[in-house]
Amino acid sequence: MFLYNLTLQRATGISFAIHGNFSGTKQQEIVVSRGKILELLRPDPNTGKVHTLLTVEVFGVIRSLMAFRLTGGTKDYIVVGSDSGRIVILEYQPSKNVFEKIHQETFGKSGCRRIVPGQYLAVDPKGRAVMISAIEKQKLVYILNRDAAARLTISSPLEAHKANTLVYHVVGVDVGFENPMFACLEMDYEEADNDPTGEAAANTQQTLTFYELDLGLNHVVRKYSEPLEEHGNFLITVPGGSDGPSGVLICSENYITYKNFGDQPDIRCPIPRRRNDLDDPERGMIFVCSATHKTKSMFFFLAQTEQGDIFKITLETDEDMVTEIRLKYFDTVPVAAAMCVLKTGFLFVASEFGNHYLYQIAHLGDDDEEPEFSSAMPLEEGDTFFFQPRPLKNLVLVDELDSLSPILCCQIADLANEDTPQLYVACGRGPRSSLRVLRHGLEVSEMAVSELPGNPNAVWTVRRHVEDEFDAYIIVSFVNATLVLSIGETVEEVTDSGFLGTTPTLSCSLLGDDALVQVYPDGIRHIRADKRVNEWKTPGKKTIVKCAVNQRQVVIALTGGELVYFEMDPSGQLNEYTERKEMSADVQVLAMSSRSWLSYSYQSRFHLTPLSYETLEFASGFASEQCPEGIVAISTNTLRILALEKLGAVFNQVAFPLQYTPRKFVIHPESNNLIIIETDHNAYTEATKAQRKQQMAEEMVEAAGEDERELAAEMAAAFLNENLPESIFGAPKAGNGQWASVIRVMNPIQGNTLDLVQLEQNEAAFSVAVCRFSNTGDEWYVLVGVAKDLILNPRSVAGGFVYTYKLVNSGEKLEFLHKTPVEEVPAAIAPFQGRVLIGVGKLLRVYDLGKKKLLRKCENKHIANYICGIQTIGHRVIVSDVQESFIWVRYKRNENQLIIFADDTYPRWVTTATLLDYDTVAGADKFGNICVVRLPPNTNDEVDEDPTGNKALWDRGLLNGASQKAEVIMNYHVGETVLSLQKTTLIPGGSESLVYTTLSGGIGILVPFTSHEDHDFFQHVEMHLRSEHPPLCGRDHLSFRSYYFPVKNVIDGDLCEQFNSMEPNKQKNVAEELDRTPPEVSKKLEDIRTRYAF
């Protein structure tokens, strides 16, 4: 079996975001990394819409990203730290729309290692040097400069190593044009390592260390180091030189501290907390990310806490000394992995989970009522300031970028009866999670819809001159007339355009540079720029039935199958060609589909995508000032102007909000309703939340003195009534070992919740199944596996339950039947021969339905660690173990025994699995690999259990475990953790493929090759691309795809498809090696995609 890997939807989660002028113009752009993908985004300063300019797979893990600009330059370069053991500097070339690799310097081994640099990057703010650091020990500094031809040059690396030192963060300090300086948060563990008593480990302090690059002596010195009181988690560079006081801000638990060397005293300010917060009061608060904005006259920082509140931070200075830090509550947005403040007045927020946002900064929050907190205000040690969170005031949301990350569970089925299956995707985290329904197609936004006097049959747009930017007329053809509309601020009818209005139109377009041509049944009308009109009439009773027009030629087909050809001469006259061509029949063209399709070129690949919209009968391109790239179309008796803002997206999506993180869901086969289990750790249930609020309100009143009772009562009432939406302000954190869960029955078409069962506090639902029992006829039951008082680390659990519900009201209501106590977490449930299999911790059990609880019928105790998945087929049960791959179990009905008869030779940390056939299972692990494992043809599942244990001694065979071992058919490293696998067909009439979805929001497929020659062809394409077009960040493609297991029997379609973005001469060379032309290679790449998917 040979497979071909294709990505349908690239990962949508963002790990890093940087901004700058990457194309060298004044426009602000954002570069984001999505795990193994680099993407360049440009927010349109007028509309606020974010456009993707370029997306590149780098086939490596991007660990750090920085923008940097040489002193006096106008263009930003991109420095990338990855798992390739190399530092790579990229430049964006707008003319070719590519990232060009300018420098690639090797310094270490590949892979994400502790002591190989790449984890942290820091850039000197004046663009003279860059430091790349490892988590431990190694730091390298490269000096950057330009040569005589103004090209970027890079020096050999200068070492700043220090053994036994862990690094938490590195930044470049702004020292103006003095020697470049870098600040590191470090911890030296040498003493702790050598001290057996453990005292040193308890007393080890984190240090702030400054490294100076001496440009004169060309080496790096450790300039200064001081121990820190609190444990810092990141640093912020403060502008220096002529722009500010220099130094750094250290963000640590509960405090933000300003430090600089010299006489500067430390200035520290507590991080303000929300007033009346439901969070665990003992919990510390940290800043998680920040953005700096600097103009010639001022600078400020925006820093976000882990609850999502953004504070505007400013520094007060006296000459060059900082005297106080000021914090002011700015706004609350979803917790971000990265934030960028653009010069154009936008704030880009790359969310940790869920959709990303672009906000406009409407106010800087200077003149509002919001209190300002300062380090100069007197406070007791350990106390802090309080603020009241509120809806957005300084920010205005202008664009939202859909993100599926993280996808926790996905099922593909045609529940809406649309011929093409939909993807039902449970994604997101906490109160921002959602169930999204994905359909293949482009999202369309309506700009205008207007009714027409009748049902038109065609529509066109034309420009007045070939160089015009926008269209001048919309021409709508009816059965017996033609309507001409002019395009300006509005669209209105005109009669002086020169077009004939009393006849239907077959075609109209621009001819030559500035003339228009209208083809209608009785002739051709040629309208010159000065409104002179030349007409050509059809001979006798013949009429024109079809026509084709380009810039200089017109071809028409008359009734009776006669073709007539016209050509434009240099003077702009349209002349008939003397000879006519006869065809044997009338000329017709037919093509059919139930949806409208759009073909467009996007990022050097052609896409053919259906529109998720009503059926359109006729459409033309449309360009005006309000809508530079749109479509004008007709549908029944309306004229519609449509815009497509999400080109390149494969799916359009509808999202239905959920309350907690969705863990799994199943589809009820009869009603097609979804039964979803949602579980959050560190969370309160609704009941506990209400109880806590009540308790806090009572405490507020009790704490007040006699004379303040009334005021306190009013405040308590206001507090109880206040309801900030958790999807924006986040849910309160309850503390470790606190769980909240619900079971939801949802209609997947309308998205309405039909039933919601709230579980008690600290009951966490982990598994769900819908099944029938052989002793109860055809009634459906829902079983939910729940853990009680689970603590993750160090792991302990007070047992679990299996809740049994009966589905009533034709699958719309859950009726509680009983709950069955079990001793461990029931993490997997599967229906099996009219009974049910449940994995309780590491025990595999068969249960049947009883009156008071589920009845245990049979069990197997020999599974290694913890059962995380169960698949069944016939008498066989395939169990996924959390770290020991797959175990094949045979159920013997007569003896009522579950007997292990085979297992795998590799330890795999299985996340999900699916059966491909009776002997074959596909699985994925938490490190981002997919494998297919098959039992050899001679496997015997009629093995006997051996009660004496004698036989077991000589029948252990290879690597202990079972006596028979499975074979690995295929191994492949996706590079993102795969959480769902399903064998299905994605297009009507297509072939079956294995669809996977990833934690980062990616969706991909693995498709089997049907012929040897295809496999051979793509194997050669992949081989040539590996050598001719190596990955951008310096990682070797073959070793990336073999990260944990050598890649086996899979060809990487994502690499093959980079053929289209290679330079034309390289394309030609590769194609010649394959005995093809470049268009033929592109056609093959397109064909395999459309045969299985889109």
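This is a predicted model: local features need pLDDT of at least 70, side-chain atom pairs count only at pLDDT 80 or more; totals for chains, interfaces and linings use all residues.
Biologist: Nice. In what order do the strands of that open sheet come?

Modeller: The sheet has 4 strands, with antiparallel pairing. Its edges are β69, residues 867-873, and β72, residues 897-903, each pairing on one side only. Reading across the sheet, the order is β69-β70-β71-β72.

Biologist: And what does the twist average from one strand to the next?

Modeller: In general, the strands of a sheet pair through backbone hydrogen bonds, either parallel or antiparallel. In this open sheet the pairing is antiparallel. From one strand to the next, the twist averages 30°.

Biologist: Let's turn to the cysteines. How many disulfides are there?

Modeller: A disulfide needs two cysteine sulfur atoms within 2.5 Å. By that rule, the count is 0. For C112, which is in no disulfide, the nearest cysteine sulfur is that of C1033, 12 Å away. C340 is in no disulfide either, as its nearest cysteine sulfur, that of C289, is 9.4 Å away. The number of disulfides is therefore 0.

Biologist: Is C340 buried or exposed?

Modeller: The cut-off for buried is under 20% relative accessible area. C340 has a relative accessible area of 1%, whereas C112, at 46%, is partly exposed. With its 1%, C340 is therefore buried.

Key. Residues are numbered from 1 along each chain as its sequence is written. Side-chain values use heavy atoms; hydrogens and water are left out. Buried means under 20% relative accessible area, exposed over 50%, partly exposed in between (1.4 Å probe, protein chains only). Two strands pair if DSSP finds at least two bridges between them. Helices (H or I, at least four residues) and strands (E, at least two) are DSSP runs, numbered from the N terminus. Axes are lines fitted to C-alpha atoms, for helices over the stretch in contact, and angles run from 0 to 180 degrees between N-to-C directions.
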